[in-house]
Amino acid sequence: MTRVVNEQYDVVVCGGGLAGFCAAVAAARKGASTCLIQDRPVFGGNSSSEVRVTPHGAAAFHSYARETGIISELLIEERMRNHETIKENGWTNSIWDLTMYDMATQTENLTFYLNTTVHQVIMDTERRIRTVIARVANAETDLHIAGSIFIDCTGDAVVADLAGCQWRWGSEGRSEFGEPHAPLAPTADTMGNSIHFRAKDMGRPIQFTPPEWAVKHDNPDYFEKQGRIVYDLDCGYWWIEIGIPWNTIYDNETIRHELTRHTLGIWDWIKNKDPQLKEKARNYALDWIGQVPGKRESRRVEGEYLMTEHDPSGNTKFPDEIAYGGWFIDLHTPGGLLASTAEPSSAEGYDGTSEYAVASHVAPYGIPLRSLIAKDADNLMLAGRNVSVTRAALGTVRVMGTTALMGQAVGTAAALALGKCISIKKVPEEAIEELQQTLLRDGCFLPNVFNRDKRDLARQASVSASSSAVSFGAGPENSDHTGGLPPAPMNKIGDAPEPLLYRRGQWIAVGADEIRRLAICVSNDTDEPQVIELVLSQVDHIWDYRVDTQARLAETAITVPAGARRQWADWTDIGLNAAGGLRKGTYVRLDVLANPHVQWHSAGAFIPGHPSAYEYGAGKMRRYAHWGQTQSFRIEPAQACYGPRNVISGVARPHRFTNVWRSNPIEPLDQWLQLEWGQEQQIGQVVLTFPGHVLNEYHRYPALYRDPQCPKDYSIQAWVDGGWQTVFMNKDNYQRHCIHKLPQPVTTSKLRLVVHATNGDPSAALYEIRCYE
């Protein structure tokens, strides 16, 4: 006999992937009694050790675009704890599962049920959900979970479907919204599901004999010419994917079996058939094959707003922006392994300048709350790949870094709506500013929203510091790797040729009243002098990829002597100042136009807040190399772009400026940053955001990693009775966003953050400080 358990919560989150997990933690942290229901034995969905898809996001294509908030806490914690490298799909181990489980267990107001599947919805009215009914596997138990607000993060939109909400499937025809990526006619085709494998180098030859039922792969063109690239031997591959002719929901088990047959056949090709691969894989043994397919696409619920491809590609500015994306419009070929080619960019060899790459690349863009509120239900929100988007827009919003941000946004919005006793439908109009400011305070980033929190006392203070760094530029000879990169030699620049095949640009933060001189380090690969053209332009921010920004400040041509090797080419007569349009506290971009006979060398160090990009087509640029590495340049005078006032700029990462205080690296620690008010303030909470873990995406950071820029030991000191008193001390820190409730509120006119030690950087550094009563 089935046992029935009745429970009641403020917020009920269905689905425990990254979207659902972040939604539940966010709601619970804001005081809402929250229940999280997950149908697998672990959290994480596609990112879990059952499926092993590496979380991707905007930082895969844009410097300093990594997602922050709850997802950042998790990934930073995992990298610090985990002894294993993360490469690509197939590498995830149980440390990641346990990192999420640990957070869930320690989160107050959060109850969770694993191995529990929602299978029925009970409605109060036609538009309002009262209860979800979920079956606990192997426990003969049905949970009747009632709630005030429900959040559907099931991926397949299970709750929305059972509640009678309208949803979309497949692709819209091009005539419906005029989307360039849409087919001419509507189609029910979807992207496929994937499984992955892991292999292990045993140090001796290992034989592999596939079962009879494995697929036989005998055509090298199937791999080499159709975009199915064997990029690793020990894990893979995203292209092990099948959708049509099957339905990604109803035929999931059939797809799983077919994927298993193909995976064994692919391993057979690697081990026994391909002449080169079989030698490389000689000592490898198949160690693990996933049996839980990861899904990319199924139902998409109709919301209060339907995002189309035009929103990310046109960078629509939404008044209810609550998250952001930056992955490209990534629409895999329907059929996957059964199609003529894999995903288009892979089939093109990931050519960043191809027609497809130009059409699909997008700069970071905002996502509106209205797309996360179901149109046909009054108390249902959405996060994940089931949100209100067209299929073309799904291509960019579906990656897990982005869906995690959606989750934190809707969880926070749900708790806010309950606290204000308003419907979730009213939040975009009546409480959006409070929601946005709350997300920023909790460590999230929004491209078009800045800190305007009236309760933040730091915004009213004057700011000073013990010292501040300046930027002179950097050359190939520099070797400091503490600017946000993993330590050398993992990201050593090396001597790889860097010809100017395309226009290349270097962002430079302006911290002085003038620029008198610039120089770049170049080589001439010919026995003839070569001319290069340089253009200096004003840009809005570090993702302003327009080739022509309509704000050209200066230009020149420089002759590089024949056979020159790593020679500094000087632009000595710039003479640029405010009268010429130079503005302190902004970025300019130094572009060197294409000349394939000349190399512009990268600097040997990454200068914090100074990425680079190259022109790829359609009058636009995209990040250069894997992390937008700084190009070699020298500048006079040195730019004071790391001053203390940056910490109250309203943005907690490089964006329109560096937005970071860095102490002078030649000055020893301790280093301090000080807030001072004209009158005494009562302070009970200090919120700190440190540099680190935003430059690049998660899987480019090594095992047991602590970002060197992040302060390790620091104290908060207050001026009390004519002297400095330590009111808080933190040791062995590695997290970037730290919220400190002081043991006792302190009344003071001056407050200091004192950095005693970092995790490797000679400079103390801080993105943002906030103070609350």
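The questions and answers below concern aromatic pairs, a strand and cavities in this predicted model.

Q: Is the aromatic pair of Phe43 and Tyr101 stacked, edge-to-face or tilted, and which angle between the planes decides this?
A: A pair of aromatic rings is described by the distance of the centres and the angle of the planes. The ring centres of Phe43 and Tyr101 are 6.4 Å apart, within the 6.5 Å limit for a pair. Planes under 30 degrees apart would count as stacked and over 60 as edge-to-face, so the pair of Phe43 and Tyr101 is tilted, with its planes at 35°.

Q: How many residues apart in sequence are the parts that Phe43 and Tyr101 tie together?
A: Phe43 belongs to the loop between strand 2 (34-37) and helix 2 (70-81), whereas Tyr101 belongs to helix 3 (residues 94-106).

Q: Is Phe43 buried or exposed, and what is its relative accessible area?
A: Buried means under 20% relative accessible area. Tyr101, at 38% relative accessibility, counts as partly exposed. Phe43, its partner in the tilted pair, is buried, with a relative accessible area of 1%.

Q: Which elements hold Tyr502 and Tyr614, and how many residues apart are they?
A: Tyr502 and Tyr614 form a tilted aromatic pair, with 6.0 Å from centre to centre and 40° between the planes. Tyr502 is partly exposed, with a relative accessible area of 38%, while Tyr614 is buried at 15%. The pair links distant parts of the chain, with Tyr502 in the loop between strand 19 (499-500) and strand 20 (504-509) and Tyr614 in strand 29 (residues 612-617), and the separation is 112 residues.

Q: Which residue stands opposite Arg504 in strand 29?
A: Strand 20 and strand 29 run antiparallel and are joined by three bridges. Within this pairing, the residue of strand 29 that stands opposite Arg504 is Tyr614.

Q: Which residues of strand 20 point the other way from Arg504, Gln506 and Ile508?
A: In a regular strand the side chains alternate between the two faces of the sheet. Strand 20 is mostly covered, with six of its six residues buried. Arg504, Gln506 and Ile508 point one way, and the residues that point the other way are Gly505, Trp507 and Ala509.

Q: Which residue of strand 27 stands opposite Gln506?
A: Strand 20 and strand 27 (residues 587-592) run antiparallel, and six bridges join them. At Gln506, the residue of strand 27 that stands opposite is Leu590.

Q: How far from the ring centre of Tyr222 is the charged end of Arg228?
A: Tyr222 is part of one aromatic cluster, whose members include Phe197, Phe223 and Trp239. The charged end of Arg228 sits over the ring of Tyr222, and its distance from the ring centre is 4.0 Å.

Q: Which residues that line the largest cavity are the closest to its centre?
A: The structure holds six cavities of 30 Å³ or more, and in the largest cavity lies about 120 Å³ of space. By class, its lining has seven nonpolar, four polar and four charged residues. Of these 15 lining residues, the closest to the centre are Leu440, Cys444, Phe445, Val651 and Ala652.

Q: What is the volume of the second largest cavity?
A: The residues that line the second largest cavity include Pro55, His56, Arg66, Glu697 and Tyr698. By class, this lining has five nonpolar, three polar and three charged residues. The volume of the second largest cavity is about 80 Å³.

Methods:
Residues are numbered from 1 along each chain as its sequence is written. This is a predicted model: local features need pLDDT of at least 70, side-chain atom pairs count only at pLDDT 80 or more; totals for chains, interfaces and linings use all residues. Side-chain values use heavy atoms; hydrogens and water are left out. Helices (H or I, at least four residues) and strands (E, at least two) are DSSP runs, numbered from the N terminus. Buried means under 20% relative accessible area, exposed over 50%, partly exposed in between (1.4 Å probe, protein chains only). A charge sits over a ring if NZ of Lys or CZ of Arg is within 6 Å of the ring centre and within 35 degrees of the ring normal. Two strands pair if DSSP finds at least two bridges between them. On a 1 Å grid over the protein atoms alone, a cavity is a set of points where a 1.4 Å probe fits but cannot get out, and a pocket is an open set with protein on both sides within 12 Å along at least five of seven lines; lining residues have an atom within 4 Å of a point. Grid points are joined across faces, edges and corners, and a volume is the space filled by probe spheres set on the points. Ala, Val, Leu, Ile, Met, Phe, Trp, Tyr, Cys and Pro count as nonpolar, Asp, Glu, Lys and Arg as charged, and the others, Gly among them, as polar.
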